[in-house]
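This report walks through one structure, part by part. Look at the picture first, then read on.

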There are 2 protein chains.
Amino acid sequence: MSLRHAALGLLADGPASGYDLLKTFDRSLAFIWPATQSQLYGELNRLADDGLIEVSNEGPRGRKDYSITEQGRAELERWITDVEPDRIRRNEALLRVFFLGTVGPAHAKAYLEREATVHEDLEALLQTVERDTDWDTSDFNRYGHLVIESGRRYAHGQAQWAHWAATQVDNLETTEAPAQTR
Amino acid sequence: MSLRHAALGLLADGPASGYDLLKTFDRSLAFIWPATQSQLYGELNRLADDGLIEVSNEGPRGRKDYSITEQGRAELERWITDVEPDRIRRNEALLRVFFLGTVGPAHAKAYLEREATVHEDLEALLQTVERDTDWDTSDFNRYGHLVIESGRRYAHGQAQWAHWAATQVDNLETTEAPAQTR
DNA sequence: CGACGACCTGTCATATCTGACATGTCAGAG
DNA sequence: CTCTGACATGTCAGATATGACAGGTCGTCG
């Protein structure tokens, strides 16, 4: 249900069409809240039906510019200040770590080092984005900058962790009787 | 589709019933890959249909103990070593940060400080778990310990970040002309 | 003027997830 | 012997998400 509020939040910064939103989306929110084109368009229609946004202008090629309504602004504020966020953090890469004992130490270490690399790459990417973006153009960008920084720290931390975890593998595997092959 | 492999991974450590798995699940994987009871039972039946696990024993109250098959073990290994994990990381709390400009500096700071507290609490919880658990009882536990450590570091980092972000709010809001109320 | 690429919105089948509900069994306490 | 709580598996409606497909428009470059 968060896509609803993501769209609302995007429109709080100014009117835009579904097409516009989709592009903004892919460059920002998609990292933290992926959604497909079909989902977004559907959600916009529902938001309009519920009076949280409205079509403020119609352009060529069937373009519809949406604007947030007073009601929509109120709902967005309510969502941010009064609704406790879901703390669900699905992580497939971390899920696999639980089962690393089944593939043997060599594979386990390789897996963890790969995780380190992936997160180092991510950190580098975010650093580049951080450097090359002009953040001071809108509230959305200014606060988006904070999110990027969060991601950068996360990537850095996970990379560190993965390196450390890789060094732990040998300890883990030799603690028990080494003949315990299964 | 990962629940499938989560169940498979759990069974790689030894036979268990759906009921058993559910309990293990809630105490471990659920933090990183939540699933409901109905999902698990359904998946077990599908896994059995596909020959990746089999009913190795039937007990009272309709209890069915499942064991992983050779085929299942192979599939688990393939999944861990050959399949690139999804890097999707949905985070509703972070999503809201993008829109903090719409609620004003006071609410924004409150939100971020609340995030700090939540993550500090999480860190404390994970520290307790880390201290009070005997990790050396199975491969699953040994590697699970690494995951807990990852979570602990994550929580710590996010808390730090949130405190820092809260201090940034005033900077962000005063950069632009202060009269920009919208 | 024709083709191409960007623009723009939508539907649909399939899969997955969630939460509630249904159904029944067994062991042990009182 | 009855009640209670843990044990144990399953179905189902409704909401969401995914990815493919469909259909059409406008500007501009050659």
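## Two domains in chain A

Between domain 1 and domain 2 of chain A, about 360 Å² is buried, and carbon and sulfur atoms give 80% of that area. Three residues lead on the side of domain 1: Asp13(A), Phe31(A) and Ile32(A) supply 65% of the area that this domain buries against domain 2 of chain A, more than any other three residues. Keep in mind that this is a predicted model.

Where do the two domains run? The domain assignment of chain A places domain 1 at 2-82 and domain 2 at 92-175. Their C-alpha centres lie 31 Å apart. In this contact, 6 residues of domain 1 of chain A meet 4 residues of domain 2 of chain A.

The count of salt bridges between these two domains is 0. The rule does find 1 residue pair in polar contact across their interface. On the side of domain 1 of chain A that touches domain 2, the residues are 3 nonpolar, 2 polar and 1 charged.

## Chain A against chain B

Chain A and chain B bury about 7500 Å² between them. Carbon and sulfur atoms hold 62% of that area. Each chain brings 74 residues to the contact. In chain A, the residues that lose the most area to chain B are Arg90(A), Phe98(A) and Tyr143(A), and together they make up 11% of what that side buries.

How many salt bridges cross the interface of chain A and chain B? The rule finds 4. In a salt bridge between the two chains, the side chains of Glu115(A) and Arg87(B) meet at 2.7 Å, N to O. Between chain A and chain B there are also 20 residue pairs in polar contact.

Several helices of chain A each supply at least two residues of the side that touches chain B: H1 (2-12), H4 (70-82), H5 (92-97), H6 (105-132) and H7 (139-175). Which one gives the largest share? H7(A) does, with 21 residues. By class, this side of chain A has 37 nonpolar, 17 polar and 20 charged residues.

## A salt bridge within chain A

Over all chains, the count comes to 34 salt bridges. One pair lies within chain A: the side chains of Arg4(A) and Asp50(A) meet at 2.5 Å, N to O. Arg4(A) sits in helix H1 and Asp50(A) in the loop between H3 and strand E2 (53-58) of chain A, so this pair ties together parts that are 46 residues apart in sequence.

## DNA strand C

Around DNA strand C there are 18 residues. Those that come nearest are Tyr19(A), Tyr41(A), Lys64(A), Ser38(B) and Gln39(B). Of the atoms of DNA strand C that come within 4 Å of the protein, sugar and phosphate account for 65%.

| Protein residue and atom | DNA atom | Distance |
|---|---|---|
| Lys64(A), polar side-chain atom | phosphate oxygen of DNA strand C | 2.6 Å |
| Ser38(A), polar side-chain atom | base oxygen of DNA strand D | 2.8 Å |
| Gly18(B), polar backbone atom | phosphate oxygen of DNA strand D | 3.4 Å |
| Lys64(B), polar side-chain atom | phosphate oxygen of DNA strand D | 2.6 Å |

Which element gives the most to the surface near DNA strand C? H3(A) does, with 4 residues. The residues of this surface divide into 4 nonpolar, 9 polar and 5 charged.

## DNA strand D

DNA strand D is surrounded by 18 residues, and the closest are Ser38(A), Gln39(A), Tyr19(B), Tyr41(B) and Lys64(B). Of the atoms of DNA strand D within 4 Å of the protein, 69% belong to sugar or phosphate, and the rest belong to bases.

Helix H3 (37-49) of chain A, with helices H2 (18-27) and H3 (37-49) of chain B, each supply at least two residues of the surface near DNA strand D. H3(B) gives the largest share, 4 residues. By class, this surface has 4 nonpolar, 9 polar and 5 charged residues.

How values were computed
Residues numbered from 1 in each chain as written. Chains lettered and ligands numbered in written order. Predicted model: local features only at pLDDT ≥ 70, side-chain atom pairs only at ≥ 80, totals over all residues. Heavy atoms only, no water. Domains from an automatic or database assignment. Contact = heavy atoms within 4.5 Å. Buried area = accessible area lost by both parts, 1.4 Å probe. Polar contact = N/O pair within 3.5 Å; in protein donor to acceptor, adjacent residues only side chain to side chain. Nonpolar A, V, L, I, M, F, W, Y, C, P; charged D, E, K, R; others polar. Near = heavy atom within 4 Å.
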